[in-house]
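Reader: I am new to this structure. Please show me how to read its features one by one.

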Amino acid sequence: MFLSSSSSLSWLVPSNTALSPPLHMATTYERAADGVYQVPPHGGHAVYARCDNPTRRLFEEEMAKLECHGPPLPLLRDSLSTPVGANDASTATASTANAVCCAFASGMMAASAIVLAHATPLHVLIPKDLYHGVPTVLHTVFARFNVTTHVYDGTALENELQSLECVLDSIPALTTTTEQQEKPDVILWMETPSNPLTMVLDIVGLCCRAKTNYARITTVVDSTLAPPCIQQPLRLQSADGVAVVDIVMHSATKYLAGHSDVTAGIVTCSPWTTRGQELGPAVQQVQVCMGGVASPMDCWLALRGLRTLQVRVERQCHNALQMAKFLEQQQQEQQQEGGGRFIAAVHYPGLRRISNAPQERVVQQQMKNELYGGVLSLEMTCEAAAFALAGALQVITRATSLGGTETLIEHRASIEPPGRVVSPPGLLRISAGLEQDQDLIQDLRQALTIVAQII
């Protein structure tokens, strides 16, 4: 039954529930005569909209269900322990109800809330390829508050574990602090698939290596490009059956809401890891005290988006795969013909390449239902070719963002901040929409023909 603290909806009963959730726009709620806010079933949760809102709470509860859906996983005693034994009196399982989920006003507010939930000095480890907003806020805002950013190489599976270990070893506070001194907080930040190169990180491998080196590290996955119907990071486990991801976040603006009319972010803390349980209340505290909450209207629209998430994502993944295959074929034909070559690379997790077996293995382990995301990247040989291709398109729209119903293309390097450009100059990011795949392929074909004539 949908949550409601409004007396005007008190006539709703479980057998007569509205199939579309109500939208609660109120900022404040009536108190009883004795001044006490009662708790259900005799009263409602709500006091003030910044602290709580029924529509926002429903969105958070639904997202917790999506992130945690599946067979129960065992609770852990601490971050390095194995699951509690079946004969142990303390055996317990965590349910969705134990997962703390918080909706924020944007994806960047969600990312910032994760950082703010930690104590300083704080070390944040980020991969080379990720959404540029994260390193930008770390370097320009959080650097003023004793937050240090370190970069590890996540562009190749064979290098990422060694690169992460080298970064951890390079942080003196982790290697020289005595047992009597409190060691600093550390966040291992993973974005997979990455934006914009759609690189896939080995989540389990990175988490296990990091927690072996430093038990209290917080493992965070930005799964914006792979919503829960594709990837559930909180449910990923080590070979010993231990949950390894503490926090998962999304820019709900993208696939979750899915219609290019919402700005929101969502953070879910694991009910199965010690760090997840510890940080849940801290993230909630940031949400309530700092007030960067998702609006009721955005939460209501996001709830609407969740109801079509599976079918939208299936179509978007199909379209992305078909465009990626077409563009890869065009690249191969250009290489065979010689001369006039202007497609340098096509990046998409669903492209099967025998030469990249380790990547293929991780993709199959992490991404479900043979869905590989709705985003692909096309790398042209030069910036001029990239702008020419984008300018010649007629069906695909030139715009930023991703995850909506329309197919979008964007030259990434030109939107990234000066001095912090991470995308190759010829790279175009394509976010697949819901159009007919042949319409999209024909649009790309005619645009490539124009590029061949002018480059």
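Author: We start with the whole protein and then turn to a sheet.

Author: This is a predicted model: local features need pLDDT of at least 70, side-chain atom pairs count only at pLDDT 80 or more, and totals for chains, interfaces and linings use all residues. Residues are numbered from 1 along each chain as its sequence is written, and side-chain values use heavy atoms, without hydrogens and water.

Reader: How many helices and strands does the protein have?

Author: Helices (H or I, at least four residues) and strands (E, at least two) are DSSP runs, numbered from the N terminus. The protein has 12 helices and 14 strands.

Reader: What share of the residues counts as buried?

Author: Buried means under 20% relative accessible area, exposed over 50%, and partly exposed in between (1.4 Å probe, protein chains only). Of the 455 residues, 54% are buried.

Reader: In what order do the strands of the open sheet lie?

Author: Strands of a sheet pair through backbone hydrogen bonds, either parallel or antiparallel. Here two strands pair if DSSP finds at least two bridges between them. Seven strands form an open sheet in the order 3-9-8-7-6-4-5, with mixed pairing. Strand 3 (100–104) and strand 5 (147–152) stand at the edges. Each has a single partner strand, so one side of each lacks a neighbour in the sheet.

Reader: Which strands pair with strand 6 in the parallel sense?

Author: Strand 4 pairs with strand 6 over four bridges. Histidine 123 stands opposite valine 186 of strand 6. Strand 7 pairs with strand 6 over five bridges. There, leucine 188 has threonine 219 of strand 7 as its bridge partner.

Reader: Which way do the side chains of strand 6 point?

Author: In a regular strand the side chains alternate between the two faces of the sheet. In strand 6, Asp185, Ile187, Trp189 and Glu191 point one way, while Val186, Leu188 and Met190 point the other way. Seven of the seven residues of strand 6 are buried, so the strand is largely enclosed by the rest of the structure.

Reader: What unit do strand 6, helix 6 and strand 7 make?

Author: A crossover is right-handed if, with the strands pointing away from the viewer, the path from the first strand over the helix to the second runs clockwise. Strand 6, helix 6 (residues 203–213) and strand 7 make a right-handed β-α-β unit.

Reader: How does strand 7 join strand 8?

Author: Strand 7 (residues 218–222) and strand 8 (residues 247–251) run parallel, joined by three bridges. Valine 221 has valine 248 in strand 8 as its bridge partner.
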